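Keep the structure open beside the text as you read.

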Amino acid sequence: MRLPVVAGSSVLLTGCSLSGTLAPRGTDARIAADIWWFMLALGGVIFVGWLALFVVAMVRRPKGEVDESHERRLHRRFIVGGGIVLPSIVFASLFVIDLLGIAAMQQTDDEVVVDATGYQFWWEFAYVQPDLVTANELYIPTGTDVQVRLHTADVIHSFWVPQLSGKRDMIPGRTNALTLHATEPGRYLGECAEFCGVQHANMRFEVVAVPPAEYQQWLDDMLEPAAEPRTASQQRGYDTFMSSSCAACHAIRGTPADGQLGPALTHFASRRWLGSGAAPNDRGHLGGWVVNPQSIKPGSTMPPVEIAAEDLPALLDYLESLE
Ligand code: CUA
């Protein structure tokens, strides 16, 4: 179903933000946006009609003798027509349009399947084929139906990428699903849309939609084991990581680090953000994050890491080498 969309209006209505539901770049989001515009137009027409009737009622003066029974008939017609028939038609059509929209959203091929798990307060993305686990950045091929199966490790979260699809809850003990189908390459902001604790507002992720060939290249890169330490400093950072509490919570494929409590770090340096969107992934923030995550993201489950001050630059060198 395709309904007309007024070009450019979304920019106006969403203010300076172009990442909202009114700038859809995915098929499901497009359907939702079209329904929204249709409802706005219909509501506008009804509102203008109502205003016109209101003005008529204010200025209308009966001429000469009032025919009581004619007036009563007229009133009844307005009450029945405008109060029962018209709303019934409007609501019934909106209901049908909604159902058609939902049906259109459910037609999917699901060529790529990803298990997304919400944690307080970050996201894990596990690709089913090939077997690959990443965090906080979800790469998808454009022009492809990607089924995202939604799970939670703790409380209820809600998976929402406004430009690509509707939002859907991640509920303990059950699996929901939705489909992402990006029509254009780009980075799309995703966020948790269900209050889940103190860092609910810092539970963001990015969906990175790239052309299929680039997606394949990304998969190949991600399937490589982590980069080996190449300098003495990186080696020292590696040793620090493996002998500290880091390795108990984080996994780095190809190394003894196999913790499952925090995000996988195999290709950590390729990510743009730290702490699920809490800070940019640069050396300064990373140092602060490792030493005291609570100063950047109070309430996050990562405890401060006790490492010797002289080991910190080496640890950062190692983490930054994990491209
Ligand atoms: Cu997770 Cu809000």
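## The cavity

The largest cavity has a volume of about 120 Å³. This is a predicted model, and it holds one cavity of 30 Å³ or more. The lining of the largest cavity is made up of 16 residues, with Thr-134, Ala-135, Met-222, His-267 and Arg-271 nearest its centre.

By class, the lining of the largest cavity splits into nine nonpolar, four polar and three charged residues.

## The largest pocket

Turning to the open spaces, the largest pocket has a volume of about 650 Å³. It is lined by 32 residues, and those closest to its centre are His-250, Gly-262, Pro-263, Trp-289 and Met-302.

Helix 6, strand 11 (273-274), helix 7 (283-291) and helix 9 each bring at least two residues to the lining of the largest pocket. Helix 7 contributes the largest share, three residues. In the lining of the largest pocket, 20 residues are nonpolar, nine are polar and three are charged.

## Helix 7

Trp-289, one of the residues closest to the centre of the largest pocket, is also among the buried residues of helix 7, together with Leu-286, Gly-287 and Val-290. Viewed down the axis of helix 7, these buried residues fall within an arc of 165°, so they line one face of the helix. They pack against strand 11, helix 8 (293-296) and helix 9.

## Helix 5

Helix 5 runs over residues 232-243, twelve in number, and spans 17 Å from its first C-alpha to its last, close to the 16 Å expected at 1.5 Å a residue. Its buried residues are Gln-234, Gly-237, Tyr-238, Thr-240 and Phe-241. Because they cover an arc of only 165° around the axis, they sit on the same side of helix 5. An α-helix has 3.6 residues a turn, so residues three or four places apart point the same way.

What covers that buried side? Helix 6 (246-249) and helix 9 (312-320) are among the elements over the buried residues of helix 5. On the face turned away from the buried side, helix 5 carries the exposed residues Ala-232 and Ser-243.

## Leu-178 in strand 8

Leu-178 belongs to strand 8 (residues 176-180). Is Leu-178 buried or exposed? Its relative accessible area is 5%, so Leu-178 is buried.

Beyond its neighbours within four places in sequence, Leu-178 is in contact with residues including Val-146, Val-148, Leu-150, Phe-159 and Ser-165. Leu-178 and Ser-165 are 13 residues apart in sequence, and their C-alpha atoms are 8.0 Å apart in space.

## Backbone details

Two cis peptide bonds deserve a look. One joins Gln-120 and Phe-121, with omega about 5°, and Phe-121 lies in the loop between strand 1 (112-119) and strand 2 (122-127). Another runs from Gln-129 to Pro-130, with omega near 0°; Pro-130 is in the loop between strand 2 and strand 3.

Asn-136, in the loop between strand 3 and strand 4, has phi near 65° and is buried, with a relative accessible area of 10%. Ser-276 has phi near 55° and is placed in the loop between strand 11 and strand 12 (279-280). At 0% relative accessibility, Ser-276 is buried too.

Definitions and conventions:
Residues are numbered from 1 along each chain as its sequence is written. This is a predicted model: local features need pLDDT of at least 70, side-chain atom pairs count only at pLDDT 80 or more; totals for chains, interfaces and linings use all residues. Side-chain values use heavy atoms; hydrogens and water are left out. Helices (H or I, at least four residues) and strands (E, at least two) are DSSP runs, numbered from the N terminus. The expected span of a helix is 1.5 Å times one less than its number of residues. Buried means under 20% relative accessible area, exposed over 50%, partly exposed in between (1.4 Å probe, protein chains only). The arc is that of the directions from the helix axis to the C-beta atoms. Contact means heavy atoms within 4.5 Å. On a 1 Å grid over the protein atoms alone, a cavity is a set of points where a 1.4 Å probe fits but cannot get out, and a pocket is an open set with protein on both sides within 12 Å along at least five of seven lines; lining residues have an atom within 4 Å of a point. Grid points are joined across faces, edges and corners, and a volume is the space filled by probe spheres set on the points. Ala, Val, Leu, Ile, Met, Phe, Trp, Tyr, Cys and Pro count as nonpolar, Asp, Glu, Lys and Arg as charged, and the others, Gly among them, as polar.
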